[in-house]
Every structure is written in structure tokens, then in C-alpha cells.
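This report looks at nonpolar and aromatic side chains in one protein model. Please have the sequence and the structure at hand while reading.

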Amino acid sequence: DQKVSRVTGGDNIKLTRGYDIMTGSFVDYYIDINKGTIKKGTALQKATNIFASGEEIDIYNQEKYKIKKGYLTSCDPNNPAWHIRAQEATFDYQNNLGTARGAAFYAESIPIAYLPYLQFPLGKKQSGFIVPVLGKSGGNSGYYLGLPYYWNMAPNYDMTITPILYSDSGFMLADEFRYLTESGFGQMFTQQMPSDWNTGQYRYYWSLEDRHDILQDVHVGYDYNYVSDSSYFNDFGNFVSVVNNYNLDQSVFVNYTPSWGLFGVKAQQYQTIQPPGIPKVAQIYAKAPEVRFNINQQQLGKSNLQAGLISQYTDFAGGGGSLQVGQRVVAYPDLTLVLENNWGFLKPRIGYNYTHYQLAPFFGLQNDYSTFDRSLPIVTVDSGLIFERPASFFSTNYVQTIEPRLYYVYIPEVNQSNIPMFDTAPATFNIDQLFLENRFSGFDRINMANNLTIGASSKLINDNNGIEVANWGIAYRYKITPENQFIYGDFTRFPVLYQPRPDLILELNNNWARSISTNASFQYDTVFGNIDAYVFKLSYNPEDYKVINARFSYQYNLPTLFYNYTPGQVDAPPPNYENQYALDLSGQWPLFSNHWLLEGRINYDFTMNKFLNYLGGIEYNGGCWSVRLLAENYVTNIYLANNQPKYTTTYMLQVTLTGLTNIGFGGDPIRELNINVPGYVPIVKNSLGY
């Protein structure tokens, strides 16, 4: 009836709208106001693939309708693996919220649970209670049950409030607030337990983060992490928090980063916690504050000369009297002549590193305030050539490059044993490090050098698709003048400075096919004749849901994970050293059929003859639903009275009803598998197409 824009009709009608597709046996519908009724109707919600059917569909407007005496599912409606029967179900697109009243959950035809009221999102986040969290803690807190409430405060603000009850420790309240603005982002997370049933102790954790750009080149931010006690992460954390959180960062910064350089101010300190069963954790200096002023390499006029500057002032504090404290000023200007084109380069460079220390009195080192100055001219010459040629292997055309490189560095010998170690450690060794002037990170130690590094690399690039099939490199550092090890400090006070120093390094990276890649590295100390490290890695990844990773590593004469040593401490005992062998295997693979996936990882330390951690999981993809079961075992205490490590086992279970919700126990298995299994792909696709 065109006069009133009303449609009435009989069998096999179909109504297509922006959000959904409806069918039914009879329709009475007003087109202009998008309002009407469909008898014995069905509706397919496009955003979530939820299919619903009922005796009657009442359409209120273009954004809301109700289904009476029906059911809903995201499975094949002709043979649903699960469905929910409800007296009525409402779909409200204006508020992105679906509700069901008088509902019952069915697996196949078997009723599992009665749900008097159920909410589910329609493609967007929605405020409301979400799936309870249930599991067992890693420490002494027992089992836990939490009921999260998600508050969608605004499109760019949200909060999750979770009351949790621990069977052995008591009540905890967790709260996470996240925000996103045009100029930045941040989050605030806390856990609060007013009174632990075991000890009566008030236990809590704070983690705050913010990053904002207040002007085009001005960036500000802060990090604040604080925990009530050293056992907190063992009792309420997981594998990641137990391993990573020994020094909790507390810092604030402001940086000005124009195109020509950097001006930044940062104040930073750490909360050092001492978990039970772990040897003494070394403290980290506070910076109160650190001021940096750097000038990027700037071309001088139209010449080939470039000049730059690195400078900073740092006040190192903290330690409660157990650390040597003081102030350090660094000024490091340099001048480089840049001669380069597409077939090679030559870059002679000269710099001058001036470092000034103002140190406070410290027992055993000096009884009064003292100053130290270190001035080091640094000369380097970096040069290289690039050759390339066409090549053909197994009927495939490639471009092969050969890139020889020669690097010379000269730094005079200066005694640095009277300078404390504020923020310096040996740099990680690889081929790139052999072409750097200093083998230390930080400014407290600068190695003497009269060295020549000779190296070459080669790439093999597929001429058809540009894929780099192979990348090989080798480099050798020849010490024209042998290094005087005693200039850096006493072995007992500064043992970390006396780690292996390989001078011959080989690295081989190959992509043998789309599915197979290997990486290998070999480090050798020609002075002492030691193999310092080697690593072999293999990855087989023919397609999604199929990946196998294997890694075997060896490192020579490294200190154990934690050792009894505090920087600046005169009478610290030498740390224990060991050769470390480790095997790491991980993977994901279909089992029986593509509906079943098996996942896992093991990390075995041959030196301790123990598993450091391992996990195993299985997933099932039912098309419109999936289930994941994961078990993880990891070390929480390195040494106990019987010299045996303590392990914690956690279990995670997650059931996903596609388009509706996740039901979980013990944590998020997808997050854990992403961390532990490189190349892992979760089941997220609805294989039936609904």
C-alpha cells in the first residue's frame, strides 16, 4: 500500500537491512518508519554472524527488534553445535547490545545451564558483567574466583572492575582504566587486598603508564610500578610477572625531539624486590635526574663533513648507602667525512669523549668527596664495497651481493678502575658489535682499542619477488695492540666486565623455502681459544596452524641468573659461573584433522639438568565454537633448602562461542601461546561460514 508505505504479505518474504537479513512466513511492515512484525521469522545479524529464529519478530525501528519464543546461535542453524533458547531476545544496534531473558544454553540437544538474563555485544564493546575468571594461583593464595564488570565509559575510555575471592588469602579488588586521546594514551591498573587471611597484611600492586605529545616535538610520560611485598608476584602473578618483575620502574620524562636532535629530562628510580628462594638481587641506581642534549649528524655547509654531539648529565642516587653515588657529565662531539655512492663508502671519523665524575664518600674507596676526569680521543675509519651479480640456482634467477668491510678504531689506554659502574655493562655480541668502537654499553667504561675488523657479508635475493633467500656474514677483530684488562677494575668488584669477548663471529640466515628458515651464529675467542657462544634455530611453517620451532644455544662462562653482588660493594664475593646449554622447542600442529590443534613448548637447561618451563595445550575448532586447554609449569624459586627449584603449575581453559562470548578459567591461553610459540595462530575463523 504505497499511500501509507505499508507492506503485508505471505510466504517466503525476505527483508534486507543495514544490520541484518530477515525472513518469515508473514510480514506487516511500515517502510517509512521501519516498524512492523514478522511471523515465524529468522534473522541473521551480519556483524557477529548470530542467527536467531522465533515465533514472532517485533521490529521497533531500523536499529532495534525483538524475537519471541525462539533461539539464537552462530552455528549452522540446521545442525547447531550450541544454541540458546529464550522467551525473548532483543537486538539493539543503537546501544550495540543484545539481551536474552528466560534463556537456557544447549550443547547439541542437551540443556547445560539456565540463564535468566544474558547480555552480549553486537559488534562493539558494551558495558556489563563479562565472563567470570576462575583458576588457581601460582603461590600460597589457593583458588580464585572473580566477576569482572566492563564499563564502556566512552569510545576512548573504558574500565574493568574485578572483585576476586582467593580461597586461602581473601578478597581482592582489581581495577584497570584505559584511555586514548588525540595526543596520547595511558592506563592505570591496581590490585588491592585489604587484609591477607594468612598474615593480616595489606597487599597491593600499582602499575601506571602515560604517553602524550603536548606539542609537535614535545613528548611527556611516566611509568609507575609498585608492589607491597617481594612475594606478591609469586602469590598472585603468572610466569611473565614472576620472571620480569625484580626491579620495578618508576620514572617520569619530558623530551623535545626536533629534526636536528634531542633535549630530554628524566627522573627514574626502581623498587627492587627480593622474592623468596632467589639469591640477592642487585640494586639499580636511581637517576635524579638525567638531562640529555644530543645533536644529530648535521652536514656542514655543502661539504662532505658531518658533525654531531652526545652529551648528558646524570645524578646517580639511591641504594640506602650500599651503592657508590655521584654525578656524571658526558660530552662527546664528533666530526665525520662522508664519502659514499652506490658501490661503496669511506667514513673517517674523529671524536673526543670527555667524562667528569663527582663522587660522594664511600667506605673502602674514598673517605671524602672526590672528582675524576677521563678524556679520550676516538678515531675510527669505516669503509666498504658492494658487489653484485646475477646468479641462477635450480632454474631460479637471483641477485647475489658480496660486501666486504674494513673498520679501524683507535682509543688510547686510560686507567678506569677508580670509576664506579653506574649504568654500564658489556654489549651483546654479534657481527654488528664488532664494527662499533666500544664493547660496553653506557659511559662508565670505554675500551682501549687499536683494532682492525675485517668482515664480509653476502645476500641472495630472488629476482622475481625480491625475497631475501640468504644473508650470511663473517667478521674478525684483530687487536693490533693487545687489550690491557686491568684498566677496567678489579675482577671481584666488577666481574661483569670480564665476560667472554669473542673476536670471530659467523652468522648464517637462510629462507630455504616459504616454509623453512634457519638461523645460526658462532662466536669464537681467538686469544684464549674458547668457543664463547653458538646458536642454531630452525623454523618450519608451511601454513597457518602448522609451525615447529627448535633452538639450541650454548654460552660460555656466564654468571648464574642472579648473584650476590652489589655495584660498589668492596667485599662482594665472586659470582658463580657456568657454561649454559639450553634447548627450546615449540610448535603448533593439527591433530587428527584441522579441527584439532596441538600446541606446546619446552625449555630445558642442560647445565641444571632441569626444565625451566614447559607448557602444553590443545584446541578444538567446532566452527561456531572452539575450546582451548593449556597447562603451564614454570620455576618460581631458583633454590630451596634442598637445592631444588620450586615449580608452579597453572591451567587455563577457554571456551569461545563465536560472535557471543568467551568463557574462561585460569587466564588467557591465547596470550600465553603468543608469547611462547613463535608463529602461533589462534582458531578464530568460523569454518561453517555463519
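The patch covers about 440 Å² of surface and consists of Trp472, Ile474, Leu506, Leu508, Phe522 and Ile531. Patch residues have over 30% relative accessible area and no salt bridge, and nonpolar side chains are joined within 5 Å. A salt bridge is a side-chain nitrogen of Lys or Arg within 4 Å of a carboxyl oxygen of Asp or Glu. Areas come from the Shrake-Rupley method with a 1.4 Å probe.

The model is predicted: local features need pLDDT of at least 70, side-chain atom pairs count only at pLDDT 80 or more, and totals for chains, interfaces and linings use all residues. Residues are numbered from 1 along each chain, and side-chain values use heavy atoms, without hydrogens and water.

Ile474 belongs to strand S33. Ile474 counts as partly exposed because its relative accessibility is 41% (buried is under 20%, exposed over 50%, partly exposed in between).

Rings of Phe, Tyr and Trp (its six-membered ring) pair if their centres lie within 6.5 Å; planes under 30 degrees apart are stacked, over 60 edge-to-face, the rest tilted.

| Pair | Type | Centre to centre | Angle between planes |
|---|---|---|---|
| Tyr256 and Trp260 | edge-to-face | 6.4 Å | 75 degrees |
| Tyr534 and Phe536 | tilted | 5.7 Å | 45 degrees |

Phe536, at 47% relative accessibility, is partly exposed. One aromatic cluster includes Tyr534, Phe536 and Phe552.

Conventions: Patch = residues over 30% accessible without salt bridge, like charges linked within 9 Å, V, L, I, M, F, W, Y side chains within 5 Å. Helix = DSSP H or I, 4+ residues; strand = E, 2+ residues; numbered from the N terminus. Buried < 20%, exposed > 50% of the residue type's maximum accessible area, 1.4 Å probe, protein only.
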